[in-house]
Amino acid sequence: MKRKLFALLLALCMLLTACGQQPGDPPAENGQTQTNQGQEEQTAPPDDGFSTSVSGRVEDPEGLVTETQKQLMTRLLTDWYTDIALFDEPQLTALFSDEEDAAMHQASIRTLNAIRARALIDLRMKDVDYVLTVTKAEPSTEEDAVEGQIHIEADESAVMHFAATPEVDSKLYDVPHIFELVPEGDGWLIKHHEADDNPYFSLTYQEGKEEDGQLQQLLRAIERRQLQRQETVQVTLTCDHPYDRAAAEQYMRQYDHQRSSAWHAYDDVGGNCMNFGSQVLLAGGIPMDEQGGSKWYWYGQNSLDLSWINVGRFYSYARENEGYGLVADTEANYYTGEVGDILILGPDGGHNHTTVISGIIRDEAGQTVDYLLCSNTTNYTDFPAGAYYYTSQRLIKIYGWNESTPDGAQRRTSVC
């Protein structure tokens with residue numbers, strides 16, 4: 001698949017539906033707050049003897065690829081995970097025939113390492129175990145394909161343990177990969193590689209640059225988020241019926257890595273993330289809402305409101321709804337989240353991905369410092385929020401739902 005075509009299709013899907021943005025999307029995190037001037041950038045942790053173990057394999061049930069091709073794909077993923085596990089300087093150029101593709105991969109690693117190094121927890125990885133399952137292999141149809149070039153598609157699943165959460169199995173499932181391999185001597189090199197995960201398609205690559213062109217904006221989003229730890233005044237909402245967080249968690253853990261047959265899946269038309277988040281809320285007792293000016297419902301592909309499947313439209317519903325239905329705070333302090341709350345993410349300046357909080361990471365003083373998240377597209381289980389390439393993150397705190405209120409407005413109470 002050509003890079004430009006892939007980017008165009010992705011952008012189109014994101015604009016049209018599911019995880020993409022629509023008019024009324026949330027703005028960037030609260031205001032353009034000041035950054036910590038003069039703060040020294042931390043791009044790597046101290047040399048404390050930390051080590052990692054990365055293991056993986058390529059499964060090829062139909063015998064579509066050669067052992068040499070398997071070895072090349074395995075080496076790429078192993079080197080990729082090793083570099084981000086240790087916040088190490090990438091060394092991938094020897095695996096690629098295309099210098100620009102190699103440089104893009106290395107820029108994404110440096111950027112991801114810089115992001116994770118700014119987290120409030122240690123996001124190095126103690127170990128990673130991955131499986132790459134080949135689903136397709138055929139002669140390449142790229143316009144500029146060279147003789148013997150082969151197109152390979154594969155799905156990746158992995159389990160990893162972060163230094164801050166060594167007992168937690170952080171998992172990803174069925175991430176599509178595309179490889180374009182070209183013959184080189186007695187072996188093969190990678191002409192192009194991409195994966196349907198945000199470190200790959202979110203990168204703003206500038207030729208000759210060693211990192212994402214938006215890195216400073218991405219880091220400022222982290223600083224703005226962390227400044228919320230200093231806030232002392234919080235707002236709580238009351239409602240007629242509380243959110244059933246236990247039921248929401250049970251549902252999210254059942255369907256974070258698979259799709260319920262009761263619902264249409266939107267993975268191939270922009271993403272299933274908000275659809276998944278809406279289903280979790282419904283499982284937690286939040287009723288569909290067809291009343292008033294703000295609506296949120298899904299009865300089928302031809303009978304729905306876009307707020308059910310689109311991040312920006314849902315944010316608008318959660319912010320504007322009054323009277324019957326959802327009671328939520330879209331301006332909640334980032335660090336007040338609970339299991340079952342919605343966390344929307346994106347690059348700095350916007351939010352186009354929905355996740356659900358599955359766990360709270362606290363420091364020794366009991367203060368929240370990060371979250372574990374479950375999501376669809378990509379399918380994640382208990383993945384740290386701070387490990388995401390998407391650094392602009394907004395909490396939508398779910399309280400429950402109202403049958404109605406006398407004045408049609410949610411009841412708000414300020415507390416310290």
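A residue counts as buried under 20% relative accessible area, as exposed over 50% and as partly exposed in between (1.4 Å probe, protein chains only). The structure is a predicted model, in which local features need pLDDT of at least 70 and side-chain atom pairs count only at pLDDT 80 or more, while totals for chains, interfaces and linings use all residues. Residues are numbered from 1 along each chain as its sequence is written, and side-chain values use heavy atoms, with hydrogens and water left out.

**View A. The chain as a whole contains 8 helices and 16 strands.** Helices (H or I, at least four residues) and strands (E, at least two) are DSSP runs, numbered from the N terminus. Of the 416 residues in the chain, 53% are buried. Among contacts (heavy atoms within 4.5 Å) with a separation of 6 or more, 71% join residues 24 or more positions apart.

**View B. Helices H6 (residues 245–255) and H7 (residues 273–283) cross at roughly 145°.** Two packed helices are described by the angle between their axes and the distance between the axes. Here the axes of H6 and H7 come within 7 Å; axes are lines fitted to C-alpha atoms, for helices over the stretch in contact, and angles run from 0 to 180 degrees between N-to-C directions. The crossing of H6 and H7 is right-handed, a crossing being right-handed if the near helix is turned clockwise from the far one by less than a right angle, and left-handed if anticlockwise. From H6, Ala247, Ala248, Tyr251, Met252 and Tyr255 meet Phe276, Gln279, Val280 and Ala283 of H7. The residues of this contact divide into 8 nonpolar, 1 polar and no charged. In this division Ala, Val, Leu, Ile, Met, Phe, Trp, Tyr, Cys and Pro count as nonpolar, Asp, Glu, Lys and Arg as charged, and the others, Gly among them, as polar.

**View C. Helix H7 is largely enclosed by the rest of the structure, because 9 of its 11 residues are buried.** The buried residues of H7 are Cys273, Met274, Asn275, Phe276, Gly277, Ser278, Gln279, Val280 and Leu281. These buried residues pack against H6, helix H8 (311–320), S11, strand S12 (353–362), strand S13 (368–375) and strand S15 (392–402). Glycine 285, with a positive phi near 100°, follows H7.

View D. Arginine 245 counts as buried at 18% relative accessibility, whereas glutamate 338 is partly exposed at 35%. A network of salt bridges links Arg245, Glu338, Asp341 and Lys397. The whole structure contains 19 salt bridges.

**View E. Glutamate 142 and lysine 191 form a salt bridge, with the closest N and O atoms 3.4 Å apart.** Glutamate 142 lies in the loop between strand S2 (125–139) and strand S3 (150–162), and lysine 191 in strand S5 (residues 187–195), so the pair ties together parts that are 49 residues apart in sequence. Both glutamate 142 and lysine 191 are buried. The loop between S2 and S3 also holds valine 146, which is partly exposed at 42% relative accessibility. The C-alpha atoms of valine 146 and valine 182 are separated by 7.1 Å, although the two residues are 36 residues apart along the chain.

**View F. Aspartate 79 and arginine 75 form a salt bridge, with the closest N and O atoms 3.6 Å apart.** Both residues lie in helix H2 (residues 67–85), 4 residues apart, which is about one turn of the helix. An α-helix has 3.6 residues a turn, so residues three or four places apart point the same way. Aspartate 79 is partly exposed at 22% relative accessibility, and arginine 75 is partly exposed at 45%.

**View G. Backbone geometry is shown at threonine 378, phenylalanine 87 and aspartate 382.** Most residues other than glycine have a negative phi, and most peptide bonds are trans. The peptide bond from threonine 377 to threonine 378 is cis, with omega near 0°; threonine 378 lies in the loop between S13 and strand S14 (379–384). Aspartate 382, in strand S14, has a positive phi of about 50° and is buried, with a relative accessible area of 10%. Phenylalanine 87 has a positive phi near 55°; the residue lies in the loop between H2 and helix H3 (99–117) and is buried, with a relative accessible area of 9%.

Conventions
Salt bridge = Lys/Arg side-chain N within 4 Å of Asp/Glu carboxyl O.
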